[in-house]
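Subject: Structure for you to look at

Hello,

Here is the structure I said I would pass on. Please open it next to this email and find each residue as you read.

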Amino acid sequence: MSFNRIISLVPSLTELLIDLEIGQRLVGRTRFCIHPEDKVTDISIIGGTKNPNIKKIVDLKPDLIIANHEENRKVDVEELKKHTRILVTQIDNIEEALTAIKQISGLVEKEEKGQQIIFEIESLLNLKTDYRKVPTAYFIWKDPWMVAACGTYIGSVMKHYNLENIFSDQQRYPQISLNELQGQDPELILLSSEPFPFKQKHLEEIQMVCPDAEIQLINGEWFSWYGSGMLKAFKRLNEWRSKLSNSI
């Protein structure tokens with residue numbers, strides 16, 4: 001079956017579909033689907049990832065909707081299943097991200113292009129050298145403070161680059177206190193640009209608690225966007241990780 005009217009509820013997978021050269025088949029996207037910037041502007045916005053406009057989606061008459069178990073709410077997915085075919089991806093590590101590229105490229109009849117993207121990503125992953133382990137905390141939210149822990153795609157990327165997650169004994173995205181952070185004695189603390197946009201003032205707040213730690217504002221897309229965005233992410237991470245090894 002050929003899918004000619006596709007809606008993506010997952011920003012990084014919207015980018016993948018466009019890079020698979022089927023952007024003309026995309027009839028809907030979320031307002032967070034911003035890449036590639038020059039190619040998403042003509043695609044209808046159907047709300048956010050957590051609050052899609054169900055009526056607008058149904059009115060667009062999609063024959064395929066692509067969702068994700070973490071990005072999208074189960075209640076919305078179940079409602080949309082009543083109207084059309086929906087693929088719900090589960091991507092909690094790098095391997096599952098590559099599997100999703102293969103699955104989606106096959107579904108939209110772009111297997112060769114998908115395999116090319118996978119090959120290029122794997123080539124970048126194989127460039128990683130044996131960096132020493134650096135005890136690391138990765139913050140995703142403030143009020144409450146929240147970090148990425150075990151069972152997340154972010155955690156998988158951290159592990160690949162030998163950023164030893166100091167909260168790996170916890171699952172998903174636990175709330176923590178700065179006292180807990182201090183007690184773990186991190187060597188490196190990363191403040192992501194998304195979903196919470198950490199700024200210099202937050203860095204300074206944490207530096208007061210962990211004065212000996214290296215703290216950096218980091219591009220969250222490097223650690224959390226999968227799909228074809230992994231190409232850009234891992235190129236930048238390879239460069240960043242090498243520089244980090246020389247500085248700490």
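Predicted model: local features only at pLDDT ≥ 70, side-chain atom pairs only at ≥ 80, totals over all residues.

Backbone

Two peptide bonds are cis. One runs from His35 to Pro36, with omega near -15 degrees. Pro36 sits in the loop that links β2 (26-29) to α2 (37-40). The other runs from Asp143 to Pro144, and its omega is near 5 degrees. Pro144 belongs to the loop between β5 (134-141) and β6 (146-147).

Although Asp143 is not a glycine, its phi is positive, at about 55 degrees. This residue is also in the loop between β5 and β6. Is Asp143 buried or exposed? Its relative accessibility is 61%, and the cut-off for exposed is over 50%, so Asp143 counts as exposed.

Asn162 is another residue other than glycine with a positive phi, near 55 degrees. Its place is the loop between α7 (153-160) and β7 (163-165), just after α7.

A buried loop residue

Ile91 is in the loop between β4 (86-89) and α5 (94-107). With a relative accessibility of 4%, against a cut-off of under 20% for buried, Ile91 therefore counts as buried. Which residues does Ile91 touch, leaving out those up to four places away in sequence? They are Asn68, His69, Glu96, Ala97, Ala100, Tyr153 and Tyr226. Ile91 and Gly151 are 60 residues apart along the chain, and 9.7 Å separates their C-alpha atoms.

Two packed helices

A pair of packed helices is described by the angle between their axes and the distance between those axes. For α5 and α6 (residues 111-125), the angle is about 165 degrees and the axes are 7 Å apart. Angles over 145 degrees count as roughly antiparallel, so α5 is roughly antiparallel to α6. The crossing of these two helices is right-handed. On the α5 side, the contact is made by Ile94, Leu98, Ile101, Lys102, Ser105 and Gly106. On the α6 side, it is made by Glu111, Gly114, Ile117, Ile118, Ile121, Glu122 and Leu125. Sorted by class, the contact of α5 with α6 has seven nonpolar, three polar and three charged residues.

A covered helix

How many of the eight residues of α7 are buried? Seven are, and the helix is mostly covered. The buried ones are Tyr153, Ile154, Gly155, Ser156, Val157, Met158 and His160. Tyr153 has already come up, as one of the residues that Ile91 touches. The buried residues of α7 pack against α5, α6, β5, β7, α10 (220-224) and α11 (229-247).

Nonpolar cores

In soluble globular proteins, nonpolar side chains tend to be buried together. The largest nonpolar core here has 54 residues. Which of them touch the most other members? They are Leu163, Phe223, Met230, Phe234 and Trp240. Leaving out residues up to four places away in sequence, Trp240 touches Leu163, Leu188, Leu190, Gln216, Ile218, Trp222 and Phe223. There is also a second, separate core of 20 residues, and among them are Val147, Phe167, Phe198 and Ile206.

Regards

Terms used:
Residues numbered from 1 in each chain as written. Heavy atoms only, no water. Helix = DSSP H or I, 4+ residues; strand = E, 2+ residues; numbered from the N terminus. Buried < 20%, exposed > 50% of the residue type's maximum accessible area, 1.4 Å probe, protein only. Contact = heavy atoms within 4.5 Å. Axes fitted to C-alpha atoms, helices over the stretch in contact; angles between N-to-C directions. Parallel < 35°, antiparallel > 145°, perpendicular 65-115°, else oblique. Left-handed = near helix turned anticlockwise from the far one by under 90°. Nonpolar A, V, L, I, M, F, W, Y, C, P; charged D, E, K, R; others polar. Core = buried A, V, L, I, M, F, W, Y, C linked by side-chain atoms within 4.5 Å.
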